[in-house]
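Here's a quick tour for anyone opening this structure for the first time. Have a look at it before reading on.

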2 protein chains.
Amino acid sequence: MLEALPPEERLALWDLVKADRDGEILVEVSEAVRESLIEAMDSKELVAAAETLEADELADIAADLPPGVIAEVVQALPAGERERLRAALSYPEGTVGALMDFEHVAVREDVTLEAVTRYLRRMDELPDHTDQLFVVDREQVLRGTLPLARLIVSDLELEVSRVMLPESVRLAPEDRAEDAANAFERYDLVSAAVVERSGRLIGRLTVDAVVDYIREKSAASQLAKVGLREAEDVFASVLDSFRNRWAWLAVNLVTAFIASRVIGAFEDSIVQLVALAALMPIVAGIGGNSGNQTTTMIVRALALGQIQAPYWSKLVAKELGVALLNGVVWGTLLGLIAYAFYGNVALGGVMALAMTLNLMLAASMGVAIPLARSRFGRDPAMGSSVLITACTDSGGFFIFLGLATLFLV
Amino acid sequence: MLEALPPEERLALWDLVKADRDGEILVEVSEAVRESLIEAMDSKELVAAAETLEADELADIAADLPPGVIAEVVQALPAGERERLRAALSYPEGTVGALMDFEHVAVREDVTLEAVTRYLRRMDELPDHTDQLFVVDREQVLRGTLPLARLIVSDLELEVSRVMLPESVRLAPEDRAEDAANAFERYDLVSAAVVERSGRLIGRLTVDAVVDYIREKSAASQLAKVGLREAEDVFASVLDSFRNRWAWLAVNLVTAFIASRVIGAFEDSIVQLVALAALMPIVAGIGGNSGNQTTTMIVRALALGQIQAPYWSKLVAKELGVALLNGVVWGTLLGLIAYAFYGNVALGGVMALAMTLNLMLAASMGVAIPLARSRFGRDPAMGSSVLITACTDSGGFFIFLGLATLFLV
């Protein structure tokens, strides 16, 4: 509801929310909306809200809180929680450490299931998403896991070590969140242990955090493609929106300007055969579209780990094959149309040839750009669309007008 | 591994997979790869593989199996499973019914937790993702849920009715999978009951199915935007790839052709002032980019239910405001550049004005197209990028060349 309301109505509703739920809600809303809510609160309210949060939740919103508020909340935290907050804040975004929580239940391997059950009963409630207990030794080193479903169906007189699963998915806090999400998807996990290099259990990752991550990641990559820096508050001010969007438009301006200069170099040819001006955007546009198809497919395959070094050449060969087929089919069609409109056979031929060549350029760049970005450890999706379009626009104009200048004027 | 290998290597690996895992793997791989694996199996192997699957899994791959294989497998199924398969197949893709499974554990409310525990112990293993038991009456009507975490910490002499949660998320098989995924995300669910209108429990939805759905949905929407009909096998044949991609390129061809005719109508102006040919792609290109930013934001807000009817006008006003600001900033800049290159003040002015008007067209269409599509019950993302680009290309050429014809030639 808060996200779907314009600023005034949003703040009116926010005032009606019970203070003890403020913290929880700040964690749930999107970053842009969180900022608008935090701006409307004084530091006393913020401290009260932050104090209701667990260390891992606090870490999620810490970047948006004023430093004074953070300092006050940290001071009030018990030593253990403070240590956890420090740990959670120390891992960069996009790692398992930034997503994990600390609410796991740990047991020893040399006790009976009976004792474990008694221990659990003394807790009023188990933490959310407790599908398994973690079995640790005296040094907190993870020895295995004990799924609740297994605990319930087993003989209570058995020792934990007899019933636990010694092998299970373990994550390191430095692992990429993307890889952890793939593991959750592949092995259908509800929770997984997070262990330090020494094997010491430090927390757990749960499927709800993974679902949130997948959703945000997918939104972020869609936004990144068109050059939005962050998920924008639907009712952001005009100035905030402008700030969120300008960078990409500026890049686009530069690439469009380069394409314009390519055309400028062929002005003489255009004056002699003005049909070129009308036909050139077709060559460029279809190249861009086809290049974007190739890139989208490659980005997805890279994310799923489906592209391995030995098979790159097969991939490029296939994409070039598709481009050639597309070029022959659409190029011939467009060549015929150009001939029908302008009655110039050579123009039709140039159109068909330019189209084919630009589609092959689009295919090569569509594979090369995301592969190169991922090789250098960058997000292959980011800006892929502008880069492809820049190549196919400038390239398409150059190929078409260049061929026309050679053969027609 | 299978997905990341070219056809020959893939089939060589597939031959090495133990036959009893064939079914499981066919369920997990993507549709495109599944087709390539199924083609390589004879019907005896397919029947053997299909017979290892649960009804809900069988329903997932049924569309890809030859009818003869399905018939044989269905005949071999026990009556209860056959009924489940029929139920699973009867719900269309994108509904809860198509995602649910039938492996829930149900108990009565008038028994003690002790009795429930004994009942569970008689099962060797609980189904995956059993975080809660479903409490039903004699008619299988859902009365509540009993989380395992609650069962473990409660006094075993209590009756189920005293411990169960009477209120919990219930889904109907006709519910949209998208809404169910939002509920899983919002309420951090691991499983949820699926009930018929009468209240009778028929199955459950688990978080692993939801995660798979979210992933596929997000991939599908990215693919749809650039006009790929389905997730393509990375090593598909050239002909298969062509078939997957041609439809969108054909649409693009038509829109590019229309834009070309718009330019054709102004050929006289271009001959008189050839700079127009070089500058016009800038106006069109930046409009397209900006329109795509608006659409991406609106599509996302629609998916999250953040756009309500009373606030549409605010939204349009905001987008027009951003467009105006962008137009003034970038229009002025481009006008100055045009002036610097061509020494023509009026050309600079026309450039700035055309840019601003095309950005405002982009903003209006960027809001209108996804809203209209969603009003008519269609996917707002599908084809949004081509439609926007068509408007801003043809519109941009028309505005710029029209203004130039009025004021410059």
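## Before we start

This is a predicted model, in which local features need pLDDT of at least 70, side-chain atom pairs count only at pLDDT 80 or more, and totals for chains, interfaces and linings use all residues. Residues are numbered from 1 along each chain as its sequence is written, while chains are lettered from A and ligands numbered from 1 in the order in which they are written.

## The sheet in chain A

Chain A has an open sheet of three strands, ordered S1-S2-S3, with mixed pairing. Strands S1 (106-107) and S3 (142-147) of chain A are at the edges with a single partner strand each, so one side of each has no neighbour in the sheet. (Strands are DSSP runs of E, at least two residues, and helices runs of H or I, at least four, numbered from the N terminus; two strands pair if DSSP finds at least two bridges between them.)

S1(A) pairs with strand S2 (residues 132-136) of chain A in the parallel sense, over two bridges. Here A:Val107 sits opposite A:Val135 of S2(A).

## Helices H16 and H18

In chain A, the axes of H16 (residues 275-303) and H18 (residues 345-375) come within 8 Å and cross at roughly 30°. (Axes are lines fitted to C-alpha atoms, for helices over the stretch in contact, with angles from 0 to 180 degrees between N-to-C directions.) That makes H16(A) roughly parallel to H18(A), a label for angles under 35 degrees.

In chain B, the axes of H16 (residues 275-303) and H18 (residues 345-375) also come within 8 Å, crossing at roughly 30°.

Key:
Angles under 35 degrees count as roughly parallel, over 145 as roughly antiparallel, 65 to 115 as roughly perpendicular and the rest as oblique.
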